[in-house]
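Biologist: Could you take me through how packed helices and aromatic rings are read from a set of coordinates?

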Amino acid sequence: MNLAFNDVFTEISALLFLAALFGAVGLRLKQPLIVSFIALGIFVGPSGIEMVSADSQIDLLAKLGISLLLFVVGLKLDMHIIRTMGSVALATGLGQVLFTSVFGFLIATALGMNAVGAVYVAVALTFSSTIIIVKLLSDKREIDALHGRIALGFLIVQDIVVVLVMIALTALGQEGDTSSLQQQALTIFINGSGLLVAIFVLMRYILPTVLRLLAKSQELLLLFAIAWAVSLATIGVMLGFSKEVGAFLAGISIASSPYKDVISARMVGLRDFLLLFFFIDLGAQMDLTLIGEQLAPALIFSLFVLIGNPLIVMVIMGFLGYRKRTGFLAGLTVAQISEFSLILAALGVQLGHISPQILGTITLVGVITISISTYMIIYSHQLYEKLAPWLTIFERNTPHREQQDSSVAMDSSTDVILIGLGRFGTGIVEILRANNYQVQGVDFNPDLVNKGDSTGHPVHYGDAEDPEFIALLPLSQVKWVVSTVDDTHVNLALLHGLRDQNFQGKIAVTAHSNSIANKLKQAGADLVLIPYADASQGAAAQILGMPFELVSSTVTFKAIRNK
């Protein structure tokens with residue numbers, strides 16, 4: 001069945017309409033949008049109605065989306081984060097690559113594949129999808145969490161290994177040129193060093209002035225940011241790296257700029273729109289007619305990726321001194337293969353190293369692992385709660401790597417423990433301290449932990465969803481535990497954890513609507529903060545010259561506050 005359109009505009013319009021339809025159905029069925037969009041790609045691709053003919057245009061939009069995604073991720077990083085996460089990222093990334101490659105090769109040979117095919121399969125199983133993982137962690141607001149930063153670190157290590165492997169395979173495909181591999185490796189090293197030096201010079205002497213001048217117009221600032229991201233992505237490809245590496249370095253180069261938050265906020269919508277085409281393109285490239293006979297080996301490889309990759313990450317991180325929870329959450333991010341795996345397999349077919357059947361096997365593994373791991377990452381905290389009793393073997397008796405950050409040796413006179421040191425939380429801390437309350441801040445962002453809060457007081461590392469962390473809090477003298485984290489699941493987990501510890505003080509949590517506030521009240525919250533409603537109520541009270549508690553926009557809100 002072929003429903004190809006006569007012009008590109010009509011085809012893109014139809015794809016956007018179908019994307020909205022598939023997304024709506026997916027949300028109705030409580031499915032993640034990524035899975036819905038990949039399913040749409042399969043539906044309109046060669047395995048479905050064969051609607052996609054504008055391959056080059058969709059591929060271009062997909063590449064732009066990938067570049068902007070990695071650029072936005074780079075904006076959130078700085079050299080301090082790279083230095084602090086470097087050792088664990090290198091150990092975990094290389095350890096996982098080695099483990100997966102060796103055992104993947106053994107499984108492939110046991111299934112009857114020849115040595116070359118087994119090597120391709122083993123290497124393909126090694127790489128995880130940076131694009132999908134970053135998107136999911138960004139949606140869950142966990143990029144800045146400790147496990148998110150560690151995952152991002154070892155994904156970067158994987159991307160570097162991808163580049164080296166593809167260089168090696170291309171060189172091996174050039175018959176008669178025995179020096180090709182060494183020449184290309186030397187070229188990559190020289191190009192990479194030159195690129196890093198050039199970016200450092202630009203960061204230090206040129207970009208601050210350019211951004212300051214462009215910031216007079218936010219539209220021009222956004223245009224420059226997009227142009228900078230795409231340009232560095234192009235330079236990355238020209239120098240033998242990937243566009244992901246170039247775009248990521250572009251983001252890092254202005255990560256220390258005061259304008260990074262403005263750029264990031266204005267770019268999110270465009271990024272998500274363009275990434276839609278990446279997921280459609282990924283699904284459209286999956287020709288399911290080639291993989292029926294490869295179902296059994298694909299299932300075996302998929303189980304290996306879904307279980308083996310997270311296990312090795314947990315083993316390595318446990319050995320390095322991280323807690324089992326951090327290792328588990330970071331480990332789940334590698335439970336799928338990457339779009340690079342499919343590219344690598346396609347390259348192998350092109351070079352004559354492997355057969356289309358092996359490409360079909362790797363493609364099916366991609367479909368299975370990407371779909372299942374998406375759910376594993378989305379519901380990672382619920383999975384941890386179920387599996388936590390069996391994960392102790394992946395943790396040292398003293399997880400020294402997190403011991404300092406997770407220390408909760410707070411002052412015995414602490415009145416309030418406040419979780420979440422964003423703008424809202426910081427404001428509350430300052431007002432409470434001005435009124436002689438002893439407040440201790442908690443956050444899961446390592447940067448905030450290292451820097452302390454805006455008043456110079458120490459901030460403790462911790463995650464409100466972690467029952468083990470809650471058990472360590474000195475709750476006996478605390479009058480209030482306040483969460484400014486606007487995440488229903490986090491706050492429900494906090495309420496449950498405090499209840500298990502028989503906390504006798506009061507609990508305040510944050511919500512963004514009255515319906516969620518009612519749910520949190522029923523779960524045991526003494527006070528529910530609704531930031532925008534509270535702010536508008538306070539402003540109205542000042543305008544009317546009335547006490548705050550007498551001003552309420554709805555009866556429902558007043559009932560929640562005074563219940």
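Predicted model: local features only at pLDDT ≥ 70, side-chain atom pairs only at ≥ 80, totals over all residues.

Biologist: At what angle do the axes of helix 3 and helix 10 cross?

Modeller: In general, two packed helices are described by the angle between their axes and the distance between the axes. Here the axes of helix 3 (residues 55-75) and helix 10 (residues 243-253) cross at roughly 40° and come within 7 Å, and the crossing is right-handed.

Biologist: Which residues of helix 3 and helix 10 make the contact?

Modeller: Helix 3 contributes, among others, I66, L70, F71 and V73, while helix 10 contributes residues including A247, F248, A250 and I252. Sorted by class, the contact has nine nonpolar, three polar and three charged residues.

Biologist: How many aromatic pairs are there, and how is the pair of F22 and F43 arranged?

Modeller: A pair of aromatic rings is described by the distance of the centres and the angle of the planes. The count comes to seven aromatic pairs; in that of F22 and F43, the centres are 5.6 Å apart with 40° between the planes, a tilted arrangement. This pair links distant parts of the chain, since F22 belongs to helix 1 (residues 8-28) and F43 to helix 2 (residues 33-44).

Note on methods. Residues numbered from 1 in each chain as written. Heavy atoms only, no water. Axes fitted to C-alpha atoms, helices over the stretch in contact; angles between N-to-C directions. Helix = DSSP H or I, 4+ residues; strand = E, 2+ residues; numbered from the N terminus. Left-handed = near helix turned anticlockwise from the far one by under 90°. Contact = heavy atoms within 4.5 Å. Nonpolar A, V, L, I, M, F, W, Y, C, P; charged D, E, K, R; others polar. Phe/Tyr/Trp six-rings, centres within 6.5 Å; stacked < 30°, edge-to-face > 60°.
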